[in-house]
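Open the model in your viewer and keep the selection tool at hand. Each stop below says what to pick and what is there.

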Amino acid sequence: MSKVIVNTDQAPAAIGTYSQAVKIGTTVYLSGQIPLVPATMEMVSDDFRAQAVQVFKNLSAVCEAAGGELQDMVKVQIYLPDLGQFAIVNEVMAEFFEQPYPARAAIGVRALPKGAQIEIDGIMELPSTN
């Protein structure tokens, strides 16, 4: 199987040496998304909840560009400089996902790119076309 690079202007452009996502077969590996507004490449807000919502919107756009949807994600990793914000992450995640929820990890980090308060990456498995 060859790898397919996934790219969309509906999510922030890569700000480094990486792709928005890489698809191999029916598995899609999504790079970390921070709360940048795609059109401006600026942070959506200083408000944590608004940043979390923007990250899920960005992930959703990459999932769609790869031929799936956010609900097809099987694993998410959430990076937070302040783990005290995790209750808000749960609230926002419940707005974007239905059961069954993906597996996930929450990882406390010292800092994120551009001063973001949240970053999320993950793995998506596309539905079988058989």
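This is a predicted model: local features need pLDDT of at least 70, side-chain atom pairs count only at pLDDT 80 or more; totals for chains, interfaces and linings use all residues.

Residues are numbered from 1 along each chain as its sequence is written, and side-chain values use heavy atoms, with hydrogens and water left out.

**Stop 1: the strands**

Select β6 (residues 73–80) and β8 (residues 119–125). They pair in the antiparallel sense over six bridges. Helices (H or I, at least four residues) and strands (E, at least two) are DSSP runs, numbered from the N terminus. Two strands pair if DSSP finds at least two bridges between them. Pick Lys-75: its bridge partner in β8 is Ile-123.

β6 and β7 pair in the parallel sense, over six bridges. Here Ile-78 has Ala-106 of β7 as its bridge partner. Show α2 as well: β6, α2 and β7 form a right-handed β-α-β unit. To check the hand, point the strands away from you; a right-handed crossover runs clockwise from the first strand over the helix to the second.

**Stop 2: the aromatic rings**

How many aromatic pairs are there? The count comes to two. Rings of Phe, Tyr and Trp (its six-membered ring) pair if their centres lie within 6.5 Å; planes under 30 degrees apart count as stacked, over 60 as edge-to-face and the rest as tilted.

Select Phe-56 and Phe-96. Their ring centres are 5.4 Å apart and their planes are at 20°, so this pair is stacked. The pair links distant parts of the chain, with Phe-56 in helix α1 and Phe-96 in helix α2 (residues 86–96), 40 residues apart. Phe-56 is buried, at 1% relative accessibility. Phe-96 is partly exposed, at 25%. Buried means under 20% relative accessible area, exposed over 50%, and partly exposed in between (1.4 Å probe, protein chains only).

The rings of Phe-56 and Phe-97 have centres 6.0 Å apart and planes at 80°, so they are edge-to-face. Phe-97 lies in the loop between α2 and β7 (103–108), so its pair with Phe-56 of helix α1 ties together parts 41 residues apart in sequence. Phe-97 is buried, at 3% relative accessibility. Ring pairs link Phe-56, Phe-96 and Phe-97 into a cluster.

**Stop 3: the cores**

A nonpolar core is a set of buried Ala, Val, Leu, Ile, Met, Phe, Trp, Tyr and Cys residues joined through side-chain atoms within 4.5 Å. The largest one has 29 residues. Select Leu-30, Phe-56, Met-73, Ile-78, Ile-118, Ile-120 and Met-124, which touch the most other members. β3, α1, β6, α2 and β8 each supply at least two residues of this core. Its largest share, nine residues, comes from α1. Another core, of five residues, lies apart from it; Ile-34, Tyr-79, Leu-112 and Ala-116 are among them.

**Stop 4: two single residues**

Go to Gln-33, in strand β3 (residues 27–33). Is Gln-33 buried or exposed? At 4% relative accessibility, Gln-33 counts as buried. Leaving aside neighbours within four places in sequence, its contacts (heavy atoms within 4.5 Å) include Ala-11, Val-55, Leu-59 and Ile-118.

Finish at Asp-47, in the loop between β5 (42–43) and α1 (48–65). Asp-47 is partly exposed, at 42% relative accessibility.
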